[in-house]
Amino acid sequence: MSVPARVAALIVAFLVVVGLGAFVAVYYIGGQSSLPTVNYAASGGQVNVMLQEDPQNNSSSKPDWVSYYVQDPATRQWVHTTLFSVPAHTTVNVTIYGYDGCTPLRNNFFSGVQGTVGGTVSVTQFNQHGKRLGPTRNTSTINSWADCNVGHTFAIPALGVYVPVASPDARLSADDLCASSPCTRQGNPYSLEKFSFKTPDHGGLYRWQCLVPCGGGYLDGNSGPMQTVGYMMGEMDVVAR
Ligand SMILES: [Cu+2]
């Protein structure tokens, strides 16, 4: 091959590689970062984060995937994202509305609450008419193997935070599970779960995720929504102050 032909071949090969790289960056990585981030501001060293987890979602591409939602504190709208930001050196008070039915954990170790203030969560059950079912329980375990009682988990491994999220009352779930997302408190049975944890003193990006194999239709339930930002995994951006 002549020298000009070799140079031309090299340039073409180089452009193909650059083009592929650009495609991957824009199509996959860029596609994820287009999700909105919900920003939570602290007051008095505390910040209130509101989440819900649903049996489905209102996306056009994957409406049958289980999904988390994050509530915008300004508009009170439920945003289909799993990206949120909180300040560093702050107590994060998390409220999760659990609308999805139960799935057992693969490793029941994660039925134990870890890394929260006091090592516990509080759980209250409500029926589809908003009526409270029994008292609020403070507990350090929601045993996913003992009964139908864990829907998903909220875990931030780098901070040692592991929280099983209660599913609604099993009988009510069977009859009246939320079928349209984002779910609302009226018309759907749900669990209300609260816990707190502390953010580190410095900023950083922390992955959070569900550990219940809830990717229905995927091998061992561990793909699909489980590995996709905006569904069962997300990022908590801790912002230095
Ligand atoms: Cu899940």
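Reply: Two residues are in contact if their C-beta atoms, placed from the backbone, lie within 7 Å. By that criterion, residues 24 or more positions apart account for 70% of the contacts in the chain with a separation of 6 or more. The model is a predicted one, in which local features need pLDDT of at least 70 and side-chain atom pairs count only at pLDDT 80 or more, whereas totals for chains, interfaces and linings use all residues. Residues are numbered from 1 along each chain as its sequence is written.

Me: Why is Leu177 called buried?
Reply: A residue is buried if 20 or more other C-beta atoms lie within 10 Å of its own, exposed if 12 or fewer, and partly exposed in between, with C-beta atoms placed from the backbone. Leu177 has 20 C-beta neighbours inside 10 Å and therefore counts as buried. This residue lies in the loop between helix H2 (170–176) and E11. Helices (H or I, at least four residues) and strands (E, at least two) are DSSP runs, numbered from the N terminus.

Me: Which residues does Leu177 touch?
Reply: Leaving aside residues up to four places away in sequence, Leu177 touches Pro55 and Gly101. The C-alpha atoms of Leu177 and Asp100 are separated by 7.1 Å, although the two residues are 77 apart along the chain.

Me: Is Asp220 buried or exposed, and what makes it so?
Reply: Asp220 has 9 other C-beta atoms within 10 Å, so it is exposed. Asp220 lies in the loop between strand E12 (204–209) and strand E13 (233–239).

Me: Why is His89 counted as partly exposed?
Reply: His89 has 15 C-beta neighbours inside 10 Å, and therefore counts as partly exposed. His89 is placed in the loop between strand E5 (83–87) and E6.

Me: How do you know that E9 and E10 pair, and in which sense?
Reply: Two strands pair if DSSP finds at least two bridges between them. Strand E9 and strand E10 (residues 161–166) have 6 bridges and pair in the antiparallel sense. Within this pairing, Ile156 has Val161 in E10 as its bridge partner. The hairpin of E9 and E10 has 4 residues between the strands, and Gly160 takes a positive phi near 70° there. Strand E9 (residues 150–156) is mostly covered, with 7 of its 7 residues buried.

Me: Which pairings does E13 make with E5 and E12?
Reply: E5 and E13 run parallel and are joined by 5 bridges, with Pro87 having Val239 in E13 as its bridge partner. E12 and E13 pair in the antiparallel sense over 6 bridges, and the partner of Leu205 in E13 is Asp237.

Me: What makes E4 and E8 edge strands?
Reply: The open sheet of 7 strands has the order E4-E3-E2-E6-E11-E7-E8, with mixed pairing. Strand E4 (78–79) and strand E8 (132–139) are its edge strands: each pairs on one side only. Within the sheet, strand E6 (residues 91–98) and strand E11 (residues 190–198) pair in the antiparallel sense over 8 bridges, and Val94 has Phe195 in E11 as its bridge partner.

Me: What is meant by the largest nonpolar core, and which residues have the most contacts inside it?
Reply: A nonpolar core is a set of buried Ala, Val, Leu, Ile, Met, Phe, Trp, Tyr and Cys residues joined through C-beta atoms within 7 Å. The largest has 49 residues, and those with the most contacts inside it are Val49, Leu51, Phe84, Val86, Ala155, Val163 and Met232. Phe84 touches Thr37, Val38, Tyr40, Val49, Val70 and Met236, not counting residues up to four places away in sequence.

Me: How is the chain divided?
Reply: Domain bounds come from an automatic or database domain assignment. The chain is divided into domain 1 (1–34) and domain 2 (38–239), whose C-alpha centres lie 41 Å apart.
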